[in-house]
Amino acid sequence: MKKSILLAACLLATLDSFAQKKDFSYKFYGQIRTDLYYNSRANKETVDGLFYMYPLDKKPDADGKDLNGTANGSFYTLYTRLGVDVKGPKLGKATTSAKVEADFRGSGTTFSTVRLRHAYLNLDWGKSALLLGQTWHPLFGEVSPQILNLSVGAPFQPFSRAPQIRYQYEVGNIKLIGAAIWQSQYLSVGLDNIKSQNYIKNSCIPEFYAGIDYKVKNWLLGAGIELLSIKPRTESTVEISTNENDDNTISKTFKVDERITTLSYEAHLRYSDRNWFIAAKSVLGNNLTQTSMLGGFGIKSIDKRTGKQEYSSILNSSTWLNVVYGEKWKPGLFLGYIKNLGTGDAVTKLYGTGTDVDQLVTAGAELTYNIANWKFGLEYTLSTVWYGSLDSTNGKIIDTHSVSNHRIVGVTMFMF
């Protein structure tokens with residue numbers, strides 16, 4: 001925490017020096033956020049339960065009692081954040097700006113340490129703009145739920161901030177978006193269910209996104225398509241018999257060229273006015289584990305000599321709806337549904353997130369009290385997930401049973 005305080009002091013000193021520079025202006029902002037939560041059972045989650053996704057399956061002990069059927073809860077301030085928006089001098093005809101934002105979430109299992117959220121520069125020519133740096137993944141986009149849970153609707157809503165080169169062009173009410181995206185803090189899941197940057201690093205091909213938005217009055221409608229191409233591994237080790245009886249074997253390692261290339265699609269809409277916020281998004285996703293969604297891939301064939309594998313991705317359909325009303329007192333509802341559509345091919349094993357989940361339903365209700373610089377809120381969420389076993393002929397999940405979790409979240413925020 002001492003390091004965090006020192007960073008804040010350095011940031012304030014830096015901002016003060018910014019003010020002295022010609023043609024520069026800045027806006028310092030941030031929030032103090034406290035989260036108190038309770039769960040009726042263990043869940044798939046990160047940040048020690050703050051980033052909540054769905055209930056874990058039953059895990060019977062020697063007496064048949066569910067080891068995951070234990071309540072849990074805690075209180076954190078990790079999502080307190082600091083940021084600065086900078087406006088710089090013109091570069092040719094382009095207006096320049098930048099953003100740097102950090103919180104104290106940390107990474108992995110290390111909490112209460114500084115983490116980079118946003119860091120990008122932007123060149124704006126009016127009708128067109130070019131962004132370079134880390135910010136929200138385009139699949140997160142301009143349409144996301146207004147809820148208290150820090151997962152912001154994941155795994156129904158794509159959630160990721162990623163380094164990217166993004167270009168947009170506006171003509172009339174239409175905005176066209178194109179982006180090349182890499183991975184940093186939010187990573188694809190690969191073989192042995194391990195997250196790593198190597199899958200896209202070795203691919204040498206970034207993610208690509210192309211989208212279109214249409215804005216008119218209080219409405220925003222849009223759609224997008226995303227391409228992901230990763231290499232799960234670059235070498236394979238196989239056991240080769242040295243005699244006819246397979247009594248003795250030796251290990252041989254081969255260089256292999258394996259790749260999984262997938263397309264995913266999304267459509268979104270939003271209506272907002274002084275009192276109403278109504279938003280929805282639907283995603284047909286292939287292997288979108290890098291965006292905090294369910295999915296992954298399965299092995300569909302193995303070369304007997306080299307061990308080279310071919311893969312088939314898991315297709316998931318995900319949809320959410322969020323309705324919020326009011327200005328000071330704001331009640332809201334959130335509904336989310338995910339269905340596993342399988343791989344379409346015969347597979348022997350699956351890797352990813354929620355690969356044994358057939359479907360997931362979440363329903364939440366919240367009430368927030370909002371005044372200048374302050375927000376107080378309480379939210380209740382019921383999540384039910386259906387687990388089952390793999391049908392190896394098509395990658396679907398069969399013979400299912402359901403598990404549910406009741407979650408309560410209390411939030412206080414001071415924003416400046």
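This is a predicted model: local features need pLDDT of at least 70, side-chain atom pairs count only at pLDDT 80 or more; totals for chains, interfaces and linings use all residues.

User: Is Asp 192 buried or exposed?

Analyst: A residue counts as exposed when its relative accessible area is over 50%. Asp 192 has 58% relative accessibility, so its class is exposed.

User: What is the phi of Asp 192?

Analyst: Asp 192 is not a glycine.

User: Which strand holds Asp 399, and what is its phi?

Analyst: Asp 399 belongs to strand S24, which covers residues 396–415. Asp 399 counts as exposed because its relative accessibility is 62%. Asp 399 is not a glycine, yet it has a positive phi of about 55°.

User: How many cavities of 30 Å³ or more does the structure hold?

Analyst: Rolling a probe the size of a water molecule over the atoms shows where empty space is left. With the limit set at 30 Å³ or more, the number of cavities is 3.

User: Which element gives the most to the lining of the largest cavity?

Analyst: The largest cavity holds about 110 Å³ of space. Its lining has 14 residues, and those closest to its centre are Ile 147, Asn 149, Phe 334, Thr 362 and Thr 381. Two or more lining residues come from each of strand S3 (51–55), strand S22 (357–371) and strand S23 (374–391). The element that gives the most, with 3 residues, is S23.

User: How many charged residues are in the lining of the largest cavity?

Analyst: Sorted by class, this lining has 6 nonpolar and 7 polar residues. The number of charged residues is 1.

User: How many charged residues are in the lining of the second largest cavity?

Analyst: The second largest cavity has about 50 Å³ of space. Its lining consists of Pro 155, Gly 285, Leu 288, Met 293, Leu 294, Asn 316, Ser 318 and Ile 338. By class these divide into 5 nonpolar and 3 polar residues, and the charged ones number none: no charged.

User: What is the peptide bond from Ala 154 to Pro 155?

Analyst: Pro 155 is one of the residues lining the second largest cavity. Pro 155 lies in the loop between S8 and S9. The bond from Ala 154 to Pro 155 has omega near 10°, and its form is cis.

User: How many bridges join S17 to S21?

Analyst: S17 covers residues 295–302 and runs antiparallel to S21. Gly 298 stands opposite Leu 350 in S21. The number of bridges joining the two strands is 4.

User: How many residues apart in sequence are the parts tied together by Glu 327 and Arg 274?

Analyst: The side chains of these two residues meet in a salt bridge at 3.0 Å, N to O. Glu 327 lies in the loop between strand S19 (315–325) and strand S20 (329–340), and Arg 274 in the loop between strand S15 (260–272) and strand S16 (276–286), so the separation in sequence is 53 residues.

User: Is Asp 358 buried or exposed?

Analyst: Asp 358 in strand S22 pairs with Lys 339 in strand S20, 19 residues apart. The closest N and O atoms of this salt bridge are 2.8 Å apart. Lys 339 counts as partly exposed because its relative accessible area is 26%. At 7% relative accessibility, the class of Asp 358 is buried.

Terms used. Residues are numbered from 1 along each chain as its sequence is written. Side-chain values use heavy atoms; hydrogens and water are left out. On a 1 Å grid over the protein atoms alone, a cavity is a set of points where a 1.4 Å probe fits but cannot get out, and a pocket is an open set with protein on both sides within 12 Å along at least five of seven lines; lining residues have an atom within 4 Å of a point. Grid points are joined across faces, edges and corners, and a volume is the space filled by probe spheres set on the points. Ala, Val, Leu, Ile, Met, Phe, Trp, Tyr, Cys and Pro count as nonpolar, Asp, Glu, Lys and Arg as charged, and the others, Gly among them, as polar. Two strands pair if DSSP finds at least two bridges between them. A salt bridge is a side-chain nitrogen of Lys or Arg within 4 Å of a carboxyl oxygen of Asp or Glu. Buried means under 20% relative accessible area, exposed over 50%, partly exposed in between (1.4 Å probe, protein chains only).
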